[in-house]
Amino acid sequence: MPLILNAALIWLGFAVVAALNGALRDHLLAPRLGPRWSLAASGLLLSGLILALTLVWLPHLAPLTAPTCWAIGGFWVGLTLVFELWVARLTKGSAWLAVTGLLQIRQGNLMLLVLLVTLTAPYAAGRLLALI
């Protein structure tokens with residue numbers, strides 16, 4: 001399978017994990033921690049899950065180079081942003097609400113951290129696993 005298709009399939013796995021993480025946040029964490037802290041805990045958990053899943057799935061994309069790992073991370077971030085904007089447009093009528101939501105760190109939103117981890121995870125996993 002071509003690298004781009006495999007990378008897209010891995011990102012779909014991230015999307016499923018993110019949806020499950022959101023359900024966990026809404027149904028278990030928010031009632032106990034409140035909206036701000038549950039959002040922060042959810043962001044930290046999702047960041048860790050993305051890194052862990054990258055460590056598991058990245059070897060299936062080998063052989064890799066450092067630029068390829070950075071390209072995969074950028075591709076994943078791009079897919080995430082397009083998805084977030086599309087969902088915001090469908091649910092809220094404005095894609096810009098999704099962008100402003102990403103910047104609400106004081107309200108507990110750690111989506112910027114999630115995006116940073118998503119960007120750097122392929123390179124970090126590639127180095128850690130000696131794939132690059």
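Visitor: How do the axes of helix H1 and helix H4 cross?
Guide: The axes of helix H1 (residues 3-57) and helix H4 (residues 111-128) cross at roughly 25° and come within 9 Å. Axes here are lines fitted to C-alpha atoms, for helices over the stretch in contact, and angles run from 0 to 180 degrees between N-to-C directions. Helices (H or I, at least four residues) and strands (E, at least two) are DSSP runs, numbered from the N terminus.

Visitor: Is H1 then roughly parallel or roughly antiparallel to H4?
Guide: That angle makes H1 roughly parallel to H4. Angles under 35 degrees count as roughly parallel, over 145 as roughly antiparallel, 65 to 115 as roughly perpendicular and the rest as oblique.

Visitor: Which residues meet there?
Guide: On the H1 side they are Gly 43, Leu 44, Leu 46, Ser 47, Ile 50, Leu 51, Thr 54 and Leu 55; in H4 they meet Leu 113, Val 114, Val 117, Thr 118, Ala 121, Pro 122, Ala 125 and Leu 128. Contact means heavy atoms within 4.5 Å. By class, the contact of H1 with H4 has twelve nonpolar, four polar and no charged residues. Ala, Val, Leu, Ile, Met, Phe, Trp, Tyr, Cys and Pro count as nonpolar, Asp, Glu, Lys and Arg as charged, and the others, Gly among them, as polar.

Visitor: Before we continue, what kind of model is this?
Guide: This is a predicted model, in which local features need pLDDT of at least 70 and side-chain atom pairs count only at pLDDT 80 or more, while totals for chains, interfaces and linings use all residues. Residues are numbered from 1 along each chain as its sequence is written, and side-chain values use heavy atoms, with hydrogens and water left out.

Visitor: Back to the contact. Is Ser 47 buried or exposed?
Guide: Ser 47, in helix H1, is buried, because its relative accessible area is 7%. Buried means under 20% relative accessible area, exposed over 50%, and partly exposed in between (1.4 Å probe, protein chains only). Leaving aside neighbours within four places in sequence, Ser 47 is in contact with Leu 113, Val 114 and Val 117.

Visitor: How many helices and strands are there in the protein?
Guide: The protein has four helices and zero strands. From the N terminus on, its elements run α-α-α-α. Buried residues make up 33% of the 132 residues. Among contacts between residues at least 6 apart in sequence, 73% join residues at least 24 apart.

Visitor: Which residues of the largest nonpolar core touch the most other members?
Guide: Of its 19 residues, these are Phe 14, Ile 50, Leu 61, Leu 64, Ile 72 and Trp 76. A nonpolar core is a set of buried Ala, Val, Leu, Ile, Met, Phe, Trp, Tyr and Cys residues joined through side-chain atoms within 4.5 Å. H1, helix H2 (66-92) and H4 each supply at least two residues of this core, and H1 gives the most, with seven residues.

Visitor: What does Ile 72 touch?
Guide: Not counting residues up to four places away in sequence, Ile 72 touches Leu 3, Ala 7, Leu 61, Leu 64 and Pro 122. Ile 72 is in helix H2 and counts as buried at 4% relative accessibility. The C-alpha atoms of Ile 72 and Ala 7 are separated by 6.7 Å, although these residues are 65 residues apart along the chain.

Visitor: And Leu 64, what does that residue touch?
Guide: With residues up to four places away in sequence again not counted, Leu 64 touches Leu 3, Leu 58, Cys 69, Ile 72, Leu 131 and Ile 132.

Visitor: Is the peptide bond from Ala 62 to Pro 63 cis or trans?
Guide: The bond is cis, with omega near 5°. Pro 63 is in the loop between H1 and H2.

Visitor: What about phi of Ala 130?
Guide: Phi of Ala 130 is near 60°, a positive value in a residue other than glycine. Ala 130 lies in the segment after H4 and counts as exposed at 64% relative accessibility.

Visitor: One last item: where is Arg 127 found?
Guide: Arg 127 is found in helix H4 and is exposed, with a relative accessible area of 52%. Arg 127 and Thr 65 are 62 residues apart in sequence and 9.9 Å apart in space, C-alpha to C-alpha.
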